[in-house]
Amino acid sequence: MQPKIMMRKKSISASKASLVLFLCQMISALDVPLDLSQPPTITQQSPKDYIVDPRENIVIQCEAKGKPPPSFSWTRNGTHFDIDKDAQVTMKPNSGTLVINIMNGGKAEAYEGVYQCTARNERGAAISNNIVIRPSRSPLWTKERLEPNHVREGDSLVLHCRPPVGLPPPIIFWMDNAFQRLPQSERVSQGLNGDLYFSNVQPEDTREDYICYARFNHTQTIQQKQPISVKVYSMDSLNDTIAANLSDTDIYGAKPVTERQPVLLTPTGSTSTKVELRGNVLLLECIAAGVPTPVIRWIKEGGELPANRTFFENFEKTLKIIDVSEADSGNYKCIARNILGSAHHVISVTVKAAPYWITAPRNLVLSPGEDGTLICRANGNPKPNISWLANGVPIAIAPEDPSRKVDGDTIIFSHVQERSSAVYQCNASNEYGYLLANAFVNVLAEPPRILTTANKLYQVIADSPALLDCAYFGSPKPEIEWFKGVKGSILRGNEYIFHDNGTLEIPVAQKDSTGTYTCVARNELGKIQNEVHLEVKDATMIIKQPEYKVIQRYGQVSFECIIKHDSTLLPTIIWLKDNDALPDDERFLVGKDNLTIMNVTDKDDGTYTCIVNTTLDSVSASAVLTVVARPNPPFDLELTGQLERSVELSWIPGDENNSPITNFVIEYEDGLHEPGVWHYQTEVPGTQTTVQLKLSPYVNYSFRVIAVNEIGRSQPSEPSEQYLTKSANPDENPSNVQGIGSEPDNLVITWESLKGFQSNGPGLQYKVSWRQKDVDDEWTSVIVANVSKYIVSGTPTFVPYEIKVQALNDLGYAPEPSEVIGHSGEDLPMVAPGNVQVHVINSTLAKVHWDPVPLKTVRGHLQGYKVYYWKVQSLSRRSRRHVEKKILTFRGNKTFGMLPGLEPYSSYKLNVRVVNGKGEGPASPDKIFKTPEGVPSSPSFLKITNPTLDSLTLEWGSPTHPNGVLISYILKFQPINNTHELGPLVEIRIPANESSMILKNLNYSTRYKFYFNAQTSVGSGSQITEEAVTIMDEAMASRQVDIATQGWFIGLMCAVALLILILLIVCFIRRNKGGKYPVKEKEDAHADPEIQPMKEDDGTFGEYSDTEDHKPLKKGSRTPSDRTVKKEDSDDSLVDYGEGVNGQFNEDGSFIGQYSGKKEKEPAEGNESSEAPSPVNAMNSFV
């Protein structure tokens, strides 16, 4: 489905401009302001042919304007109508409109006639059209006796209406007694004259209430003709009832209904004529009789039927051409055709024309001494006669005017004077009507005046026309000039259009067209100007239009409508659905720039339009919403063509819900065997609505159909009628027949039973047959029912049998079944595999071989061999443990296999057994094999204890899995300096019987890394690693402890604290005086974000604080200096490893500190190792 997105744009300013331009072009003469003297002008009058309701007052309109205000008079039937003498007639004040009072006793018929109104003042007289007043009439039908119409089937019939002649003519229609319109068709239809035509009658046309009604719209009344009775005799009834009463020559001769070629009922003859007036609707009619009903076709001889104006009505029996012109004259042929032939009629159409204007006379305003003309040109068929009147009097007998000269359809005026003012009437008439037009000549001397409002503001959209009005009046006619801006030059050029009525048109206004425009009007009597202002706005645009959407039922959808507009215009957005207002439903949510529809339903399908309106323009964009859903279920299922093994199913598809149906699924129910259970039958493409279904015997079928589209499956249709097929022999035998023994001396025969519909009839049973294969035995058979298994006993162990199972029912057997091979029951194998050999590949993998057992000894289906193996002992430890047997199964007739995952240097046993469906046979004799040595596992532990200045004690455990005979241990170690760099590697070989050693001649206060592993004759095993540190010099450690406890050291630290306190007091005093001490300035310059004090017990000082901060002394890290190490920068000190005076050891003397592996370091001072910040170091940092 292709997206449908529509957009339209219109400009209000452009449409207004077009309207103004149209009006301007229609009025080229100047309208005289009403404050100036002018002859009368008729402004409103009743229609020429005025049909009035005789029950209501008659109002004959005549309104006019002029200066001074005109007076009114009337003529009736060409003579003066004195309204003062008729009490029923009044004239409205300040108007010429007559009101004839009918409702208070007057009779409309008394006022029939031709009326004409005259409006007169001192400058002339204008007259109205001749207004023909006729009261409407709706007479009753004349009484008549209507005989019943007895018609033979197939004959034509015309029921005449003949309505009474009314004014205006009534509208005719046919109904029955129940006021229901009688159905019409190609066979039965109403003619233009109101008669009811039957091309051929049928028995169903018999009825007694054919009633013709005439509706008179003016009086809102309906007249009824007496009912007409029609009796249609069929040929069968004629043969039985009227053949004896009618002679062979009677028109009701009992002849069979035969086909008849067309005969025209109307119009009669082969040709006719028709005259129609220009501008009217041409209606041509042809109605024909015949069996079968003829079809009507229309052509125009020598030409084509006019496009866009031609319509066919009344089942193409009526040709309708609207707005006819002289070019539509010609011969029109109707052709009635059926299978037997055709008939035709030619209608010669002549289009005449009542007079119509070519140039109607227009008001003429002249100044004294000017010249002018009045032109009156009309056309018609025949050509109309032109006559002139002056002030309502034929110009030939009107008062002389030396400035006036009549020249056919033109009056020429020369050197007019004020007395030349008058109203002239032009009358153009022929036999089909007349035209009457008033045009005055008004002689005035007036300076220019501008009628457009001063400083009027015009606003238009860019790239659209702008029309600036300058309505003016003056006599002589002023000249108009336009200027832009205060000191602008006169506007000229192709970018402007200057209209006769003073309007300035800018065809394509741009932003730079904005500004002030001045209109200047001047004639010989004066000059006047007026300013108007133009603003050009940006066009409103929809920059993101709504897009075509496909949504599933009950979903949610949104349409966007994002706009861009001029900042000075206030847009409003309106959403429409199918060009109408949105439904009043809370599911429709209108946002700022979107429309959201919640819980979409089928009714929401349609075209959604976003309309953006401003005061100047309007744009819109549309998109289609298609709501899709699963299709509705099919209906009207019908079974036809029922045969024993097939039937045709047809159905009518349900609504596809805007998503085409791709296929239909047909299901069936077997009401005889599985009622309520539906099974898949077949499926067909979505374009197919019938299918031939294959059936099985003895099934009570019902069918249903499911429609499928892209959205999903419909609900199932209602079930079809049931169809029970006849019984027959079974068509097929049971499937999946097998013979497998459950015991060594039996054979169990199984099969899948036939389903109910497969039985093909009642009494379903199975004939089970078997015989031993390759033995010349007869078949043994048994017939069973309602089972799917039969056990044959007393069979030899595991021998092949030929087996077959045949279905049968009360009507007979199924076709001969195919044979299958089964076996009687299995027994355990009799012998074990022989010649078992083991080949050891490496310390963890071995390969085992064996000889296959004879198949006869297997006594069943050979499934494979199982190898049982287990570890007896480890050769290195000579200790037995719990035996855990492992099993590997090798499928089929395989005679070797691999034994993975063995332990090195161990003793194993294994045996092999054959396996069938019954179980395992006897085991082969146990076979012993040994695995060679392998590399050992890592030592179980490595412990480093008793650190001294130059030695460490190492202890270890033997490997958990030696995997052979240990021959030695390998120890490797190397020192680690302060930058975590490793020193030279030293390797020591240790006898296998050792479990500890003292490592001497090490550096004091040094970290070492150790690598330790065991070794067999095969190679070295995996290693373990440890780290340890020798202790520092004992004298230095003792001195540090002693200094920290000496009294002199405590006194020194107190003195330092007192000195710092004095310094703080001095700084405080200086701070209050506005000064800063140098230390403070230095620290401010460095802008250290946080200076943390040293704890007093560490020999450090707290942070200073000035009086403005009023902050308490904060505790934190040590004060930075050039000779101290910050805590966060010295995580790798010996204190972290538990060394120095605070070094810790376990109870057994082992070292508990571990190498941290951190990367951040401070440069070491004095010796190679990092020192802890002892009190001595703290003291040094302040010296």
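Author: In the protein chain, 66% of the contacts with a separation of 6 or more are between residues 24 or more positions apart, a contact being heavy atoms within 4.5 Å. This is a predicted model, in which local features need pLDDT of at least 70 and side-chain atom pairs count only at pLDDT 80 or more, while totals for chains, interfaces and linings use all residues. Residues are numbered from 1 along each chain as its sequence is written, and side-chain values use heavy atoms, with hydrogens and water left out.

The pLDDT, the predictor's confidence in each residue from 0 to 100, averages 85 over the protein chain, and 84% of the residues score at least 70. Residues 1036–1041 have a pLDDT below 50, and this stretch makes four contacts beyond near neighbours in sequence. For residues 1075–1183 the pLDDT is also below 50, with 149 such contacts in the model. Where pLDDT is low, the predicted coordinates should not be read in detail.

Now to the part itself. Ile1062 belongs to helix α5, residues 1047–1072; helices are DSSP runs of H or I with at least four residues, numbered from the N terminus. Ile1062 counts as partly exposed because its relative accessibility is 44%, and partly exposed lies between buried (under 20% relative accessible area) and exposed (over 50%), with a 1.4 Å probe and protein chains only.

How values were computed. Helix = DSSP H or I, 4+ residues; strand = E, 2+ residues; numbered from the N terminus.
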